[in-house]
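Please read what follows with the sequence and the model side by side, moving from the helices to the contacts that tie the chain together.

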Amino acid sequence: MNTLQAANFLNVSRPFVIKEIEAGRLPCRKVGSHRRIALDDIVAYAKQMREGQKAALERMAENERELGLE
């Protein structure tokens, strides 16, 4: 999958995908000057993203309870 296809799959921008690749959070391989990302890697990254989002929402809910904003 190329970076545009990966961005569409993850529902993010192409520059975001490139930043994640350059940061080492999303593995890829180079074919000439083009980046290619394996579907398995994209699916694993998406799962990790969802888990991080879920944890952040849980922290926000906990903060809300602590502040009595329920």
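Helices and strands here are runs assigned by DSSP, a helix having at least four residues and a strand at least two, and they are numbered from the N terminus. The model is a predicted one, and the description below should be read with that in mind.

In this scheme F9 belongs to helix α1, which covers residues 3–10. Because its relative accessibility is 44%, F9 counts as partly exposed. Together with M1, L39 and V43, F9 makes up a nonpolar patch on the surface, and the four have about 340 Å² of accessible area together.

Helix α3 takes in residues 39–66, and its 28 residues should span 40 Å at 1.5 Å a residue, which agrees with the 41 Å that separates its end C-alpha atoms. Within α3, the residues I42, Y45 and A46 are buried, and the cover over the buried residues of α3 includes α1 and α2, the latter being residues 14–22. After α3 comes G68, which has a positive phi near 70°.

E20 is itself buried, because its relative accessibility of 7% falls under the 20% cut-off. Apart from neighbours within four places in sequence, E20 is in contact with R25, L26 and Y45. With R25 the link is a salt bridge, in which the closest N and O atoms are 2.9 Å apart; R25, at a relative accessible area of 48%, is partly exposed.

The count of salt bridges comes to three. Another of them joins the side chains of E22 and R35, at 3.4 Å from N to O, and this pair links distant parts of the chain, with E22 in helix α2 and R35 in strand β2, 13 residues apart. E22 counts as exposed at 59% relative accessibility, whereas R35, at 22%, counts as partly exposed. There is also a salt bridge between R65 and E62, whose closest N and O atoms are 3.1 Å apart; both residues lie in helix α3, three residues apart, or about one turn of the helix.

Strand β2, residues 34–36, also holds R36, which is partly exposed with a relative accessible area of 29%. Although R36 and M1 are 35 residues apart along the chain, their C-alpha atoms are separated by 5.4 Å. Leaving out residues up to four places away in sequence, R36 touches M1, N2, C28, R29 and V31.

How values were computed
Residues numbered from 1 in each chain as written. Predicted model: local features only at pLDDT ≥ 70, side-chain atom pairs only at ≥ 80, totals over all residues. Heavy atoms only, no water. Patch = residues over 30% accessible without salt bridge, like charges linked within 9 Å, V, L, I, M, F, W, Y side chains within 5 Å. Areas by Shrake-Rupley, 256 points an atom, 1.4 Å probe, with all protein chains shown as cover. Buried < 20%, exposed > 50% of the residue type's maximum accessible area, 1.4 Å probe, protein only. Contact = heavy atoms within 4.5 Å. Expected span 1.5 Å × (residues − 1).
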